[in-house]
Amino acid sequence: MRIVVAYKWTCDPEEATVRADGTVDWSRAKPGLSTYDPVAIELARQLAQAAGAELIGVTAGGKGVAVPIASKAALSRGLDRVVIVEDESLAEAGRSELAAVLAEVIRHIGDVDLIVTGDSSVDVAAKMVPTVLAGELGWPAVAEVTAVSGQAGALRVERAIPGGVQVLEVSGPAVLAASADAAVPRVPGMKELLAAAKKPVELLELASLKVPPGSAVMTVTGRSRPERKARKGQLIDTTDPAAAAAELVAALREAGTL
Amino acid sequence: MSVNAWIVVGDQPAIGNLITVARSLGGPVGAVVAGPRSVAETVAASGVDKVVWCGTPDDVPAEASAQAVAETVAADPPRVVLAGRNPGERVLLGAAAARLKAAVLTGARTVSIDGDDVIVVNAVFGDIADETVAVSGPVALLLDGGPVPPPGGTTAPIEEVTATPLGLKVIETRTSGFDEVDLNTAHRVIGVGRGLKAKEDLAVIEALAEAISAEIACSRPVAEGLNWMGKDRYIGSSGAHIAPQLYLAIGISGQLQHMVGVQGAETIVAINSDPNAAVFAQTDYGLVGDLYQLVPAITAALK
């Protein structure tokens, strides 16, 4: 049994600034493993351990996704090996392009039974790469997955639905997008970090994957900083909580908000 | 009749906004439904031109029809294919986008057609910036579904396709015990963050919510991780985006991923014990202090 975790090495928009012309300045942002990917890795690791499966990390992106610190960050969380496509052209890739590349990586690895991903990426947060990837492979996809058990070919998958949880039986290969609370990620220790440095890293050339071209060409014709409502930014003195409360309530009543 | 826009529908016919956007592009609008027959019937009466129902059996989730949806859409390729933001429809849209080799956009503020291009003003990187993109070729858009559309003038015929579903089967459905909520319809919302120390302390918040007729919402970790509320109550880039008259952020630090979900609020009030909390830079009224003192004081001041 082979389980793949698709992860992303990227920056948090919290650390980015948007210039007046709408372009995003990432120069002060520090890349890392995307926020929810450790959850996906831990969920997949538990499943792989129970099933005796090989656990493979996969990522595709622009320059920097193959640096040792990135692959070690992923490997130290329990992956057996990683397969990486690093290509400048993927830095600006859309969801469908990335999914198409990942699909070819999955075919290259071969005999993959299950793909696990995080809930959403910290930078784009589209939640679409796992579902387009499933579409590319012709596999079923399930999102908001909270628990997985069983063996490849007969998995029991729990997923969150409005007002509750649904248990699904999944037969055959599938893509599962984990919910943010599907597992509690472990913080890798020195032992795991040292072991990670010795695990195999396979680098694939984008050109060698022969990814079929998309039918859509996207051209960015304009950028802007979204208009935000101007906020009053008024601080109310809270030395006396009752007086502060009265001041707030009066202000809200005056504005017609209450 | 060739379709200009396909709407992809799962278990719920909440596609009012999708119909509005699809209609604004001109040309025929089709809907492909992977959920129950009753959903297809509601959609057929909502003013679309054509409905295809995937004949999904009861014990099979909508996602199992992803390939049937993709084939239906690809057989009559559209300029635009649209779906709502729930997990099932994301899966269906992903399958359709893969088959069409379409561009996928999830932050569309406006959509229009200009000659051979579809023009989308699209929020990127958690809504911190907007990009206008011109797309030549098919576009898949994930949008807020909107309300269930009211019945329109005519009812479109429902065509049924039979396809082998993908290997998914519902074994069991359990309720969480949390009430479902639609935060979008609330005029006042109180958001609770990790500044609240224990679940029992929600009583303090509930008293205030009752006094101002507000719905209670939260930051992501309160719903996922702490599990103090249902997931439909968390606000943020991957959760609810709300535009109430009043938003009260209580014990919320004000991280970008949360605050993008409340940008539309008319007035924002924040209560936080940390004077340096990012939330204070994004509010109308800020109260630095202990929420356990301030919240009951506000509730009392309302009486």
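This is a predicted model: local features need pLDDT of at least 70, side-chain atom pairs count only at pLDDT 80 or more; totals for chains, interfaces and linings use all residues.
Residues are numbered from 1 along each chain as its sequence is written, and chains are lettered from A and ligands numbered from 1 in the order in which they are written.

Let's begin with the domains, whose bounds come from an automatic or database domain assignment. Chain A has domain 1 (2-209) and domain 2 (228-258), and the C-alpha centres of these two lie 45 Å apart. Chain B splits into domain 1 (5-160) and domain 2 (183-301), with 33 Å between their C-alpha centres.

Now for where the chains meet. Counting two residues as in contact if their C-beta atoms, placed from the backbone, lie within 7 Å, 78 residues of chain A touch 84 residues of chain B. On the chain A side, at least two residues each come from α3, α4, β9, β11 (164-170), β14 (217-224), β15 (234-236) and α6 (241-254). These labels are DSSP runs numbered from the N terminus: helices are H or I with at least four residues, and strands are E with at least two. The most is given by α6(A), with nine residues. By class, this side of chain A has 40 nonpolar, 23 polar and 15 charged residues. Here Ala, Val, Leu, Ile, Met, Phe, Trp, Tyr, Cys and Pro count as nonpolar, Asp, Glu, Lys and Arg as charged, and the others, Gly among them, as polar.

One helix pair runs across the two chains. Helix α4 (residues 129-137) of chain A packs against helix α4 (residues 87-100) of chain B at an angle of about 50 degrees, and their axes are 7 Å apart. Axes are lines fitted to C-alpha atoms, for helices over the stretch in contact, and angles run from 0 to 180 degrees between N-to-C directions. So α4(A) and α4(B) are oblique to each other; under 35 degrees would be roughly parallel, over 145 roughly antiparallel and 65 to 115 roughly perpendicular, with the rest oblique. Their crossing is right-handed, a term for the near helix being turned clockwise from the far one by less than a right angle, with anticlockwise giving left-handed. Among the residues that meet are T131(A), V132(A) and E136(A) on one side and R90(B), L93(B) and A97(B) on the other. The contact has seven nonpolar, three polar and three charged residues.

Within chain A, α4(A) also packs against α3(A), at about 50 degrees and with the axes 8 Å apart. That makes this pair oblique, and the crossing of α3(A) and α4(A) is right-handed. Contact residues include L98(A), L102(A) and I106(A) of α3(A) and V132(A), L133(A) and E136(A) of α4(A). In this contact, 10 residues are nonpolar, one is polar and two are charged.

Finally, the backbone. Most residues other than glycine have a negative phi. D111(A), not a glycine, has a positive phi of about 55 degrees and sits in the loop between α3 (95-109) and β8 (114-117) of chain A. E144(A), also a residue other than glycine, has a positive phi near 60 degrees and lies in strand β9 (residues 141-151) of chain A.
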